[in-house]
Amino acid sequence: MRKKIVAGNWKMNTTVPEGIELAKAVVAKSAEVPADVKLIIATPFTHLYPVAEVVKGTPVALSAENCADKEKGAYTGEVAANMLASVGCEYTILGHSERRQYYGETDEKLVEKTKLALANGLKVILCVGENLDEREAGKHFDVCEAQIKNVLYNFTAEDMKNIVIAYEPVWAIGTGKTATSEQAEEIHAFIRKVVADKFGAQVAEDTTILYGGSCKPSNAKELFAQKDIDGGLIGGAALKADDFIAIALSY
Ligand code: PEP
């Protein structure tokens with residue numbers, strides 16, 4: 001059964017004390033959210049350990065925003081999947097468009113990262129999505145299909161139980177421009193079909209596909225009402241506990 005998920009991606013925001021306060025505020029309000037909506041917060045690496053203490057024993061799960069494509073060793077500045085697991089992460093985001101755009105994250109690296117994350121017991125939130133030029137050229141289906149095939153087609157139906165897909169049109173991230181619910185649903189249904197083509201209808205039906213891109217309390221309800229949209233990956237609005245929870249209550 002696919003899950004309903006609302007995940008907050010804090011990106012490179014908040015100091016550690018501010019992050020702890022934000023996590024505490026999310027936890028305090030999480031009781032308002034129905035039990036079938038899973039809340040996840042993805043924080044910078046520095047915040048994971050103290051935030052893990054805050055969310056322990058609560059309905060809020062912890063995620064990293066990235067992990068290394070190598071197991072361990074001389075990779076200065078990198079953080080390995082087993083390190084994330086050891087501080088209490090349940091998830092890691094991988095392939096966010098900001099990492100693809102600014103840090104050279106390729107589909108090949110994402111295969112390695114996904115393998116290591118899964119091998120260390122982490123669930124993966126894999127981001128896919130087209131940029132504005134690709135959307136305007138009508139290539140958004142091809143771009144998402146290629147990203148999914150290049151990464152996920154290297155995995156098994158069993159692995160897919162621990163993989164969530166986040167469709168995030170790059171032109172909608174942090175821009176205030178949201179995909180319309182029709183635009184989002186069209187591509188979510190398509191992504192589910194790409195999953196079905198490789199893994200079968202049941203796996204596709206069970207795969208959680210999130211929408212991300214300027215999702216906020218005012219538009220979440222309409223987006224989440226779509227058949228193939230199973231929740232959201234939330235950037236800016238996740239930095240305010242009230243907005244994040246209001247989005248989660250939009251189901
Ligand atoms: C994101 O970065 O994953 C995101 C969706 O950001 P925003 O909600 O700010 O557009």
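The largest cavity of this predicted model is lined by Gly-95, His-96, Ser-97, Arg-100, Cys-127, Val-128, Gly-129, Gln-147, Glu-168 and Ile-173. On a 1 Å grid over the protein atoms alone, a cavity is a set of points where a 1.4 Å probe fits but cannot get out, and lining residues have an atom within 4 Å of a point. Two or more residues of this lining come from each of α4 (97–102) and β5 (123–128); helices (H or I, at least four residues) and strands (E, at least two) are DSSP runs, numbered from the N terminus. By class, the lining comprises three nonpolar, five polar and two charged residues, where Ala, Val, Leu, Ile, Met, Phe, Trp, Tyr, Cys and Pro count as nonpolar, Asp, Glu, Lys and Arg as charged, and the others, Gly among them, as polar. The space in the largest cavity is about 40 Å³, a volume being the space filled by probe spheres set on grid points that are joined across faces, edges and corners. One cavity of 30 Å³ or more is present in the structure.

Residues are numbered from 1 along each chain as its sequence is written. Local features need pLDDT of at least 70 and side-chain atom pairs count only at pLDDT 80 or more, whereas totals for chains, interfaces and linings use all residues; side-chain values use heavy atoms, with hydrogens and water left out.

The largest pocket (an open set of points with protein on both sides within 12 Å along at least five of seven lines) holds about 630 Å³ of space. Its lining consists of 23 residues, and Phe-45, Glu-65, Asn-66, Arg-99 and Tyr-103 lie nearest the pocket centre. Both α4 and α5 (107–119) supply at least two lining residues, with α4 giving the most, three. Eight nonpolar, five polar and 10 charged residues make up this lining.

The ligand is surrounded by 14 residues, the closest being Lys-11, His-96, Glu-168, Gly-174 and Ser-214; a residue is near a molecule if one of its heavy atoms lies within 4 Å of it. This shell divides into four nonpolar, eight polar and two charged residues. Polar contacts are pairs of N or O atoms within 3.5 Å; within protein, one atom must be able to donate a hydrogen and the other to accept it, and residues adjacent in sequence count only if both atoms are side-chain atoms. An oxygen atom of the ligand lies 2.6 Å from a polar side-chain atom of Lys-11, and a side-chain N or O atom of Glu-168 is 2.7 Å from a ligand oxygen atom.
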